Amino acid sequence: MPKCRCLQAAALAALLPLAGCDQGPATVTHYRHPSGTFDFLVAATKNRGPLLLGVEGRPFAGGAALPRITGVLQQALQSRELSLTGDPAAAEDPRFRLVIVFNPPAAGEVLAFCEKKPAGGGPKAEGRIDLRAGFCRGEDTLAVIDGWAEAVEGPDDEKFAQLLRQVARDLFSRQGGDG
């Protein structure tokens, strides 16, 4: 076998084990407002005030995940400073909100996400995290993203942070897909 083919075969063999072991994180964009959502984010936080954040369900046993979720999301966007609050009275415009539902029992209707206010579930076995996230204006759904990751060891696991960053970029993008 020529030397070049040996190197190609070795490179391919090195990649094959990864193909069967995809543990995420991964996201799927189910819906995004036709004009994108970044301009809605700017409108919701025009004075750099906080965006309302709602978190349902628990990705991990215990309650230590919320500070990590907030910290990662606030740093996820390069094109916009993002401040978050769980207090509707502190939000700059409480009509707008980011909602993350961890381990929802049923996915439900995508376009009714903001209207139905789905509940989350408890931690799943073996560190799998499923989530549905939405950007809402009142009961109107501006974007809905599903995401997942497997073998997440806890709130400080980099896979968890990667999942949250990917969700934020997908939710708050311009029409062309850049956020």
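**Note on the predicted model**

1. Start with Asn103. Asn103 sits in the loop between β4 (96-102) and α4. The model is predicted, and local features are reported only where pLDDT is at least 70. Asn103 has a relative accessible area of 4%, so the residue counts as buried, under the 20% limit.

2. What does Asn103 touch, once neighbours within four places in sequence are left aside? Its contacts include Arg58 and Pro59. Gly120, Gly121, Gly122, Pro123 and Lys124 are also among them.

3. Are the two partners buried or exposed? Asp130 is buried, at 16% relative accessible area. Lys124 is partly exposed, at 38%.

4. The count of salt bridges comes to seven. Glu158 and Arg165 form one of them, at 2.3 Å from N to O. Glu158 is partly exposed, with a relative accessible area of 40%. Arg165 is partly exposed as well, at 24%. Elsewhere, salt bridges with shared partners tie Lys124, Arg128, Asp130 and Glu150 into one network.

5. Asp140 and Arg137 make another salt bridge, and here the closest N and O atoms are 3.9 Å apart. The cut-off is 4 Å, so this pair counts. Asp140 has 43% relative accessible area and is partly exposed. Arg137 is partly exposed too, at 29%.

6. Now the sheet. In what order do the six strands of the open sheet run? The order is β1-β6-β5-β4-β2-β3, and the pairing is mixed. β1 and β3 (84-85) are the edge strands, each pairing on one side only. In general, strands of a sheet pair through backbone hydrogen bonds, either parallel or antiparallel.

7. Look at β5 and β6 (residues 140-149). The two strands run antiparallel and are joined by nine bridges. Arg132 stands opposite Asp146 in β6.

8. How many disulfides does a search of the whole structure find? The search finds one. Cys114 and Cys136 form the disulfide, with their sulfur atoms 1.9 Å apart. The pair links distant parts of the chain, 22 residues apart: Cys114 lies in helix α4 (residues 113-116) and Cys136 in strand β5 (residues 129-137). Both cysteines, Cys114 and Cys136, are buried.

9. Why is the disulfide of Cys114 and Cys136 called left-handed? The torsion about its S-S bond is about -80°, so the disulfide is left-handed.

10. Finally, Thr37. Thr37 is found in the loop between β1 (26-32) and α2 (38-44). Its relative accessible area is 0%, so Thr37 is buried. Leaving aside neighbours within four places in sequence, Thr37 is in contact with Arg32, Phe135, Leu142, Ala143, Leu171, Phe172 and Ser173. Among these, Phe135 falls within β5 (residues 129-137). Leu142 and Ala143 fall within β6 (residues 140-149).

How values were computed
Residues numbered from 1 in each chain as written. Predicted model: local features only at pLDDT ≥ 70, side-chain atom pairs only at ≥ 80, totals over all residues. Heavy atoms only, no water. Disulfide = S-S within 2.5 Å. Helix = DSSP H or I, 4+ residues; strand = E, 2+ residues; numbered from the N terminus. Buried < 20%, exposed > 50% of the residue type's maximum accessible area, 1.4 Å probe, protein only. Salt bridge = Lys/Arg side-chain N within 4 Å of Asp/Glu carboxyl O. Contact = heavy atoms within 4.5 Å. Pairing = 2+ DSSP bridges.
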